[in-house]
Amino acid sequence: MMVKPNYTKDDIRKISKDENVKFLRLMFTDLYGVIKNVEVPISQLEKLLDNKLMFDGSSIDGFVRIEESDMWLYPDLSTWMIFPWGNDHGKVARVICEVYNADRTPFIGDPRNNLIRVLDEMKQLGFTDFNIGPEPEFFLFKLDSETGKPTMNLNDKGSYFDLAPVDLGENCRRDIVLELENMGFDIEASHHEVAPGQHEIDFKYADALQACDNIQTFKLVVKTVARKHGLHATFMPKPLDRINGSGMHINMSLFNSEGNAFYDESDGMQLSKEARYFLGGLLTHARSFTAVTNPTVNSYKRLVPGYEAPVYVAWSGRNRSPLVRVPIARGMSTRLELRSVDPSANPYLAIAAILEAGLDGLRNKIEAPKPIDRNIYVMDAEERKANGISDLPSTLHNAIKELEKDEVIGKAMGPHLYQNFIEGKKLEWGAYRQEVSQWERDQYLELY
């Protein structure tokens, strides 16, 4: 597990001086998972350490109205990190901040604060940690040398686990790994994915809050290094049709004072009753939290049969077609793998929704249905119905309707985030409905 540094204020002062840090990048995340930052000179370090730095919250999606705009940034010192790509003017350090209201109370519209709240609920139920191992995938496209804008030209024709010269992204991917390791990431694997131009880098699991911080840092590093190679890295779920989209499988396990709460040696599958109840909660609320784990119009172009992404609400210990898979490892490594999540998700909101769904399963002892060990894609509709297998929502519109019906996932987000998220996503769907695509013109313009 990735260990959180335990920096003190004096540690930060010393590191800043020794490493010639000249700028501070104060990072936080908006409602839609977009990384925001306020950059200040090192002369503001003492104000930052004393929680005396303010910013205008009215300009951030889903935050506050203009008359409530002044907000404080409280640094989480354990997230202090120096970027390895310093410049001639000195190095740049980042620290992830929690957002507070003007009256010094935690801002409930900060997705990171919200996840901290849900983790506190988990601890009240007797659990110590919710460990998350994310597997984010991304595509590399060539940049236009004149405009610097992304093209739709892939930089390779590689496939799963290919090597150079087929995998032309290998050097870029290697540089990303080296930069991440310089920043303290423990990289477990790095490889070309199934689709041309698609890549995956897996890093070691961490507790839920740190894992979400890591996902945001990872995205920033991937995009920054790719640009140095004349490439654009995108975490868009389905940038190209007729090939696989990008997912972000989430491996998860609950821990208590005795160890991994999902493991039980005496069970036939070595899964504890806690694991099965948590799984029951995940499957019960899956259709509702899909709006959060797959939050864009484009997300649902990935969740279609035939491209390895799950579309059915089921679980298995063997095959990879269901929504939730139980990887073979047991003991301390016993975990559930949710395979629907994509990397456009706000990680803090997605993990809060996933955890709350599982906790609801534990509170109400929701029994998981029997595992489906056959390939669901070859079953017909009647067979799926007979096995109690439902479909994930097919559009963002349908996913939002499911979310609006589910009080548990609403509670996971808190009223401020929940209302703003639904409102924003309805606007997104409305804008999409008004657009006419090239596919429609190709299909209908001459036919009718």
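Analyst: Helices (H or I, at least four residues) and strands (E, at least two) are DSSP runs, numbered from the N terminus. By that reading, K365 falls in the loop between α8 (347–363) and α9 (381–386). The model is predicted, so local features need pLDDT of at least 70 and side-chain atom pairs count only at pLDDT 80 or more, while totals for chains, interfaces and linings use all residues. Residues are numbered from 1 along each chain as its sequence is written, and side-chain values use heavy atoms, with hydrogens and water left out.

User: Is K365 buried or exposed, and what is its phi?

Analyst: Buried means under 20% relative accessible area, exposed over 50%, and partly exposed in between (1.4 Å probe, protein chains only). K365 counts as exposed because its relative accessibility is 54%, and it has a positive phi of about 50° although it is not a glycine. R242, in the loop between β12 (231–234) and β13 (248–256), also is not a glycine and has a positive phi of about 65°; with a relative accessible area of 64%, R242 is exposed.

User: How many salt bridges does the rule count?

Analyst: A salt bridge is a side-chain nitrogen of Lys or Arg within 4 Å of a carboxyl oxygen of Asp or Glu, and by this rule the count comes to 23. In one of them, R112 pairs with D76, with the closest N and O atoms 2.8 Å apart. R112 lies in helix α3 (residues 111–124) and D76 in the loop between β4 (70–75) and β5, so this pair ties together parts that are 36 residues apart in sequence. Both R112 and D76 are buried.

User: Where do K425 and E428 lie?

Analyst: K425 and E428 belong to helix α11 (residues 407–434), where being three residues apart separates them by about one helical turn; their salt bridge has its closest N and O atoms 2.7 Å apart. K425, at 5% relative accessibility, counts as buried, whereas E428, at 26%, counts as partly exposed. Elsewhere, a network of salt bridges links R117, E121, E356, R363 and K411.

User: Which domains make up the protein chain, and how many residues of each are in contact?

Analyst: Domain bounds come from an automatic or database domain assignment, which divides the chain into domain 1 (23–109) and domain 2 (117–439). Taking contact as heavy atoms within 4.5 Å, 21 residues of domain 1 touch 21 residues of domain 2. Buried area is the accessible area (1.4 Å probe) that two parts lose on being put together, summed over both; between these domains it is about 1,800 Å², with carbon and sulfur atoms giving 67%. On the domain 1 side, L31, Y32 and W85 lose the most area to domain 2, together 33% of what that side buries. Across this interface the rule finds zero salt bridges.

User: What does the side chain of Q198 reach?

Analyst: Q198, in strand β10 (residues 198–203), has a side chain that reaches the backbone oxygen of G245 at 2.8 Å. A polar contact is a pair of N or O atoms within 3.5 Å; within protein, one must be able to donate a hydrogen and the other to accept it, and residues adjacent in sequence count only if both atoms are side-chain atoms. Such a contact, at 3.4 Å, joins the side chains of Q198 and E137. Q198 counts as buried, at 1% relative accessibility.
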